[in-house]
Amino acid sequence: MTSSTRRSTLLLSAATAGAAILATGLAPRRALAADPKPEAAGEPLVAELTNVVLPIARNGALVNYVFVTLKIRMSDLNAATFVREQHFLVRDGVTRATGRNPIPEGKGPNTYDQAAIVKVVTQVVTGMKPGLRVTRVSLEQVAFMRR
(Lines give C-alpha, C1' and ligand atoms only; values in the text may rest on other atoms or scores of the structure.)
Protein backbone atom coordinates (compact mmCIF):
# COMPACT_ATOMS: atom_id res chain seq x y z
CA MET A 1 0.00 0.00 0.00
CA THR A 2 1.42 3.36 -0.94
CA SER A 3 1.57 6.26 1.41
CA SER A 4 -1.12 8.26 -0.45
CA THR A 5 -3.49 5.25 -0.42
CA ARG A 6 -2.84 4.73 3.28
CA ARG A 7 -3.56 8.44 3.94
CA SER A 8 -6.78 8.26 1.93
CA THR A 9 -7.90 5.16 3.81
CA LEU A 10 -7.16 6.79 7.19
CA LEU A 11 -9.00 9.96 6.20
CA LEU A 12 -12.00 7.98 4.98
CA SER A 13 -12.20 5.89 8.17
CA ALA A 14 -11.84 9.03 10.32
CA ALA A 15 -14.63 10.74 8.39
CA THR A 16 -16.87 7.68 8.78
CA ALA A 17 -16.20 7.50 12.52
CA GLY A 18 -16.86 11.24 12.87
CA ALA A 19 -20.18 10.91 11.03
CA ALA A 20 -21.22 8.00 13.26
CA ILE A 21 -20.41 9.97 16.42
CA LEU A 22 -22.26 13.01 15.10
CA ALA A 23 -25.31 10.90 14.19
CA THR A 24 -25.48 9.29 17.64
CA GLY A 25 -25.06 12.67 19.30
CA LEU A 26 -27.98 14.13 17.36
CA ALA A 27 -30.31 11.14 17.66
CA PRO A 28 -31.49 11.78 21.24
CA ARG A 29 -32.25 15.41 20.40
CA ARG A 30 -34.46 14.36 17.52
CA ALA A 31 -36.27 11.86 19.74
CA LEU A 32 -36.92 14.51 22.40
CA ALA A 33 -38.24 16.94 19.83
CA ALA A 34 -40.62 14.34 18.40
CA ASP A 35 -41.97 13.30 21.81
CA PRO A 36 -43.13 16.45 23.64
CA LYS A 37 -43.84 16.35 27.36
CA PRO A 38 -47.48 16.66 28.51
CA GLU A 39 -46.63 20.06 29.96
CA ALA A 40 -45.78 21.30 26.48
CA ALA A 41 -49.14 19.99 25.29
CA GLY A 42 -50.96 22.74 27.22
CA GLU A 43 -51.41 21.47 30.76
CA PRO A 44 -48.74 23.21 32.84
CA LEU A 45 -51.10 23.55 35.82
CA VAL A 46 -51.68 19.79 36.11
CA ALA A 47 -49.70 17.44 38.33
CA GLU A 48 -50.25 13.77 37.48
CA LEU A 49 -49.83 10.87 39.90
CA THR A 50 -49.93 7.44 38.29
CA ASN A 51 -50.71 4.10 39.93
CA VAL A 52 -52.22 5.38 43.16
CA VAL A 53 -53.75 2.54 45.19
CA LEU A 54 -56.89 3.33 47.20
CA PRO A 55 -58.73 0.91 49.51
CA ILE A 56 -62.52 0.59 49.08
CA ALA A 57 -64.65 -0.27 52.13
CA ARG A 58 -68.25 -1.29 52.76
CA ASN A 59 -69.62 -0.76 56.29
CA GLY A 60 -66.07 -0.40 57.60
CA ALA A 61 -64.82 -3.64 56.04
CA LEU A 62 -62.27 -3.65 53.22
CA VAL A 63 -63.85 -5.04 50.03
CA ASN A 64 -61.43 -4.09 47.22
CA TYR A 65 -58.68 -1.80 45.99
CA VAL A 66 -58.84 0.65 43.11
CA PHE A 67 -55.81 1.71 41.07
CA VAL A 68 -56.12 5.21 39.59
CA THR A 69 -54.19 7.97 37.91
CA LEU A 70 -54.87 11.27 39.65
CA LYS A 71 -54.71 14.51 37.69
CA ILE A 72 -54.54 17.43 40.09
CA ARG A 73 -55.13 20.86 38.56
CA MET A 74 -53.59 23.63 40.62
CA SER A 75 -54.47 27.34 40.75
CA ASP A 76 -51.06 28.60 39.57
CA LEU A 77 -47.88 27.39 37.93
CA ASN A 78 -45.71 27.56 41.07
CA ALA A 79 -48.17 25.37 42.98
CA ALA A 80 -48.32 22.84 40.15
CA THR A 81 -44.52 22.72 39.97
CA PHE A 82 -44.31 22.23 43.73
CA VAL A 83 -46.82 19.35 43.66
CA ARG A 84 -45.02 17.70 40.71
CA GLU A 85 -41.69 17.94 42.54
CA GLN A 86 -43.19 16.64 45.80
CA HIS A 87 -45.38 13.96 44.18
CA PHE A 88 -44.03 11.28 46.51
CA LEU A 89 -45.29 13.25 49.55
CA VAL A 90 -48.72 13.65 47.95
CA ARG A 91 -48.87 9.92 47.21
CA ASP A 92 -47.76 9.10 50.76
CA GLY A 93 -50.32 11.48 52.27
CA VAL A 94 -53.16 10.04 50.19
CA THR A 95 -52.09 6.49 51.07
CA ARG A 96 -51.99 7.29 54.80
CA ALA A 97 -55.31 9.16 54.78
CA THR A 98 -57.14 6.40 52.92
CA GLY A 99 -55.50 3.77 55.11
CA ARG A 100 -57.08 5.37 58.18
CA ASN A 101 -60.43 6.03 56.45
CA PRO A 102 -60.92 3.89 53.32
CA ILE A 103 -62.96 5.21 50.42
CA PRO A 104 -66.63 4.18 50.74
CA GLU A 105 -68.03 1.78 48.18
CA GLY A 106 -70.56 3.22 45.74
CA LYS A 107 -74.06 1.94 45.13
CA GLY A 108 -72.88 -1.37 43.71
CA PRO A 109 -69.91 -3.71 43.46
CA ASN A 110 -66.79 -2.28 41.84
CA THR A 111 -67.94 1.29 42.41
CA TYR A 112 -66.54 3.99 44.66
CA ASP A 113 -67.39 7.39 46.08
CA GLN A 114 -65.54 9.77 43.77
CA ALA A 115 -66.33 12.81 45.93
CA ALA A 116 -64.55 11.16 48.88
CA ILE A 117 -61.40 10.64 46.78
CA VAL A 118 -61.46 14.26 45.58
CA LYS A 119 -61.91 15.45 49.17
CA VAL A 120 -58.96 13.39 50.47
CA VAL A 121 -56.62 14.47 47.65
CA THR A 122 -57.59 18.13 48.08
CA GLN A 123 -57.00 17.98 51.84
CA VAL A 124 -53.61 16.31 51.44
CA VAL A 125 -52.36 18.76 48.79
CA THR A 126 -53.60 21.92 50.53
CA GLY A 127 -52.13 20.71 53.81
CA MET A 128 -48.63 20.38 52.33
CA LYS A 129 -47.87 24.08 52.16
CA PRO A 130 -49.84 27.25 52.94
CA GLY A 131 -51.27 28.90 49.85
CA LEU A 132 -51.70 25.80 47.67
CA ARG A 133 -55.09 25.71 45.97
CA VAL A 134 -56.50 22.76 44.09
CA THR A 135 -59.01 23.72 41.40
CA ARG A 136 -59.91 20.22 40.19
CA VAL A 137 -59.05 16.57 40.79
CA SER A 138 -59.87 14.06 38.08
CA LEU A 139 -59.52 10.28 38.15
CA GLU A 140 -58.33 8.47 35.05
CA GLN A 141 -57.41 4.90 34.15
CA VAL A 142 -59.45 3.44 36.98
CA ALA A 143 -58.96 -0.30 37.52
CA PHE A 144 -60.21 -2.50 40.34
CA MET A 145 -58.19 -5.33 41.82
CA ARG A 146 -59.31 -8.69 40.46
CA ARG A 147 -60.53 -11.21 42.94
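Predicted model: local features only at pLDDT ≥ 70, side-chain atom pairs only at ≥ 80, totals over all residues.
Aspartate 92 is partly exposed, with 34% relative accessible area.

Side chains of opposite charge can pair when their charged atoms come close. The count of salt bridges here comes to 6. Some share partners: Glu43, Glu48, Lys71, Arg73 and Glu140 are joined into one network.

| Pair | Closest N and O atoms |
|---|---|
| Arginine 73 and glutamate 43 | 3.5 Å |
| Lysine 71 and glutamate 43 | 4.0 Å |

Where does glutamate 43 lie? Glutamate 43 is in the loop between helix H1 (3–34) and S1. Lysine 71 is in strand S2, 28 residues from glutamate 43. Arginine 73 is also in strand S2, 30 residues from glutamate 43. Both pairs link distant parts of the chain.

Lysine 71 is buried, at 18% relative accessible area. Arginine 73 is partly exposed at 22%, and glutamate 43 is partly exposed at 30%.

Now the nonpolar core. The largest one has 28 residues. Leu54, Leu70, Ile72, Met74, Val121 and Val125 touch the most other members. Elements that supply at least two core residues each include strand S1 (46–58), strand S2 (61–74) and helix H4 (114–126). Beyond its neighbours within four places in sequence, leucine 70 contacts several residues, among them Val52, Ile117, Val121 and Val137.

Notes. Residues numbered from 1 in each chain as written. Heavy atoms only, no water. Core = buried A, V, L, I, M, F, W, Y, C linked by side-chain atoms within 4.5 Å. Buried < 20%, exposed > 50% of the residue type's maximum accessible area, 1.4 Å probe, protein only. Helix = DSSP H or I, 4+ residues; strand = E, 2+ residues; numbered from the N terminus. Contact = heavy atoms within 4.5 Å. Salt bridge = Lys/Arg side-chain N within 4 Å of Asp/Glu carboxyl O.
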